[in-house]
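Student: Hi! Could you walk me through this structure?
Tutor: Happy to. Let's have a look together.

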Amino acid sequence: MFLGTHTPRLDEKGRLTLPAKFRDELAGGLMITKGQDHCLYVFPRDEFEQMARKVAEAPFTDERVRAYQRYLFAGTDEQRPDSQGRIPIAAELRRYAGLDRDCTVIGAVNRLEIWDSTAWQTYQDAHEDSYAQAQQEVLPGVF
């Protein structure tokens, strides 16, 4: 399970050092893909395969489904952390997420999200009050 917030930096080769506590779970391989809100999603390979099967089962006769499938699968990069826990992030993925140097990696239970640190702070600032003041159930049956 991925939880917490970490602030690694990209090195000059575009590599990100994964937080140590997540390395064992990702040692067998991982998939990096474009996420919503201009962040990157990092899934363990088996978790991504389960999600990909569900996405692939959607009716490809729907133009929106085809567009989503194409964008998701074409923008996915398979990686394996090196001995120091670093993963290279492809230039196109760095461009999409606006990654330059300072990054924020957040745990989102079944995946990690990689954000530009400034974009993450902006996102938190924009959503903090609505989270703190939620007056109705956003996730029915959870709280």
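Tutor: Cys103 has Asp116, in β8, as its bridge partner. This is a predicted model, where local features need pLDDT of at least 70, side-chain atom pairs count only at pLDDT 80 or more, and totals for chains, interfaces and linings use all residues. Residues are numbered from 1 along each chain as its sequence is written, and side-chain values use heavy atoms, with hydrogens and water left out.

Student: How many bridges join β7 to β8?
Tutor: Five, and the strands run antiparallel. Strands here are DSSP runs (E, at least two residues) and helices are H or I runs of at least four, numbered from the N terminus.

Student: What lies between β7 and β8 in the hairpin?
Tutor: Four residues, and Val109 in the turn has a positive phi of about 65°.

Student: Is β7 covered on one face or both?
Tutor: Both: Cys103, Val105 and Gly107 are buried on one side, Thr104 and Ile106 on the other. Buried means under 20% relative accessible area, exposed over 50%, partly exposed in between (1.4 Å probe, protein chains only).

Student: New topic: where does α5 bend?
Tutor: At Ala126, by about 35°. That bend is the angle between axes fitted to the seven residues ending there and the seven starting there.

Note on methods:
Two strands pair if DSSP finds at least two bridges between them.
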